[in-house]
Amino acid sequence: MSAEGIQGPERFWSGTEWTGPITDGHLHLDRSGRFLDAAHDFHRSGGTRMILVHKPNFECLPTTMDAIHAAYLDTLAMADEVRDSVGLKVQVVLGPHPVTWVHQIPSMGIEAATKLHLDAVDVALDYFESGDCVAVGEVGRPHFLVEDEVWNAANMMLHEVLHRCSKRSCPVQLHVEDRADHTFAEIDQIRHSAGLPVKFTLRHYAPSNVTESFRSGLPVTVSMGKESIQGIALSLIEEGLVVQDMTPFLMETDYLDDLRRPGAVLGPKTLPKRTNELGRYLQMPVSEGGLGWNRATVANLLWMLHRVWPDTLYGECR
Ligand SMILES: [Zn+2]
């Protein structure tokens, strides 16, 4: 069959190259970093859509609601600039970061730091209701060891954050520690008692094991380091190939746009590269170490990853 006759996602997959949509499910931009240059890199390498997550200024943490407002507005303004001057589709996620809360405890005390955090969530929820952002995040709990008192307070605060989001039917992007499936099971428990539906409870920086049992059925964005391809492929074998029925998962770089830490996270060109690598790996014959999927099935998965699931989680992007 000629390429012109092919309908659906298959027309974007040549067997080696994906020319369809490519979505980064979690990244940051910074005016003092590469900002538009980084967005151009993503676009030129094949990227089409980004979920731009608010990044607090860790050098100078906001201590007032005015400062938090100003910081959110700047992230929204950056999204506009990327849309206008790069031509990417952008959806924004706003919220206070759990690590800023930890950093603010010594100077502010737990009570005041928690109040500021929850107030910042409320402001983000207002932006969600007005349609300026599509989710609250990244919220969660510290990914490093803290005193019991802080850990317990973090879990109570997380419960309250998820409860407030549930009341407005707002999706959440979670930043949490990595204790494999234990972390997922605990998060699932907290979101359940807070009343937040599973479909709104997404964990970012997730490992590449995307089996439902490992992630307690929660949606995730997978951090797409080199080994992530094999991890995803193994999960797909285990799940028995019913991609349509899987809980959404997206790819992410968590690009930080921090000039002082260039190697700390994945760069903005990573996802187009990994998308092609994943497609080729899935299509490679079993005798050569691949999964032996046919072209249409590969194309369908890439379409789900980069178009259907992002729409399911955050709505269609203008
Ligand atoms: Zn992040």
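The model is predicted, so local features need pLDDT of at least 70, side-chain atom pairs count only at pLDDT 80 or more, and totals for chains, interfaces and linings use all residues. Residues are numbered from 1 along each chain as its sequence is written.

**The sheet**

Eight strands form an open sheet with parallel pairing, in the order β1-β2-β3-β4-β5-β6-β7-β8. Strands here are DSSP runs of E with at least two residues, helices are runs of H or I with at least four, and both are numbered from the N terminus. Two strands pair if DSSP finds at least two bridges between them. The edges are β1 (23–27) and β8 (249–252). Each has a single partner strand, so one side of each lacks a neighbour in the sheet. From one strand to the next, the twist averages 25 degrees.

Helix α4 (residues 110–129) packs on this sheet and touches β3 (89–94) and β4 (135–140). Residues are in contact if their C-beta atoms, placed from the backbone, lie within 7 Å. The direction of α4 makes about 155 degrees with that of β4. Axes are lines fitted to C-alpha atoms, for helices over the stretch in contact, and angles run from 0 to 180 degrees between N-to-C directions.

**Strand β7 and its partners**

Strand β6 (residues 201–206) pairs with strand β7 (residues 220–223) in the parallel sense, over two bridges. On the other pairing, four bridges join β7 to β8, and these strands also run parallel. The table gives one facing pair for each.

| Residue | Opposite residue |
|---|---|
| Ala-206 | Val-222 in β7 |
| Thr-221 | Leu-250 in β8 |

Both faces of β7 are covered. Val-220 and Val-222 are buried on one side, Thr-221 and Ser-223 on the other. A residue is buried if 20 or more other C-beta atoms lie within 10 Å of its own, exposed if 12 or fewer, and partly exposed in between, with C-beta atoms placed from the backbone.

**Helices α1 and α2**

Helix α1 (residues 36–44) packs with helix α2 (residues 65–86) at an angle of about 50 degrees. Their axes are 10 Å apart. The two helices are therefore oblique to each other. Angles under 35 degrees count as roughly parallel, over 145 as roughly antiparallel, 65 to 115 as roughly perpendicular and the rest as oblique.

From α1, the contact is made by Leu-36, Ala-39, His-40 and His-43. From α2, Glu-81, Val-82, Ser-85 and Val-86 take part.

**Backbone sites**

A cis peptide bond joins Gly-137 and Glu-138, with omega about -10 degrees. Glu-138 is placed in strand β4.

Phe-35 is not a glycine, yet its phi is positive, near 40 degrees. Phe-35 lies in the loop between β1 and α1. Phe-35 counts as partly exposed because it has 15 C-beta neighbours inside 10 Å.

Ser-216, also not a glycine, has a positive phi of about 50 degrees. Ser-216 is in the loop between β6 and β7. Is Ser-216 buried or exposed? Ser-216 is buried, with 21 other C-beta atoms within 10 Å.

Key. Two residues are in contact if their C-beta atoms, placed from the backbone, lie within 7 Å.
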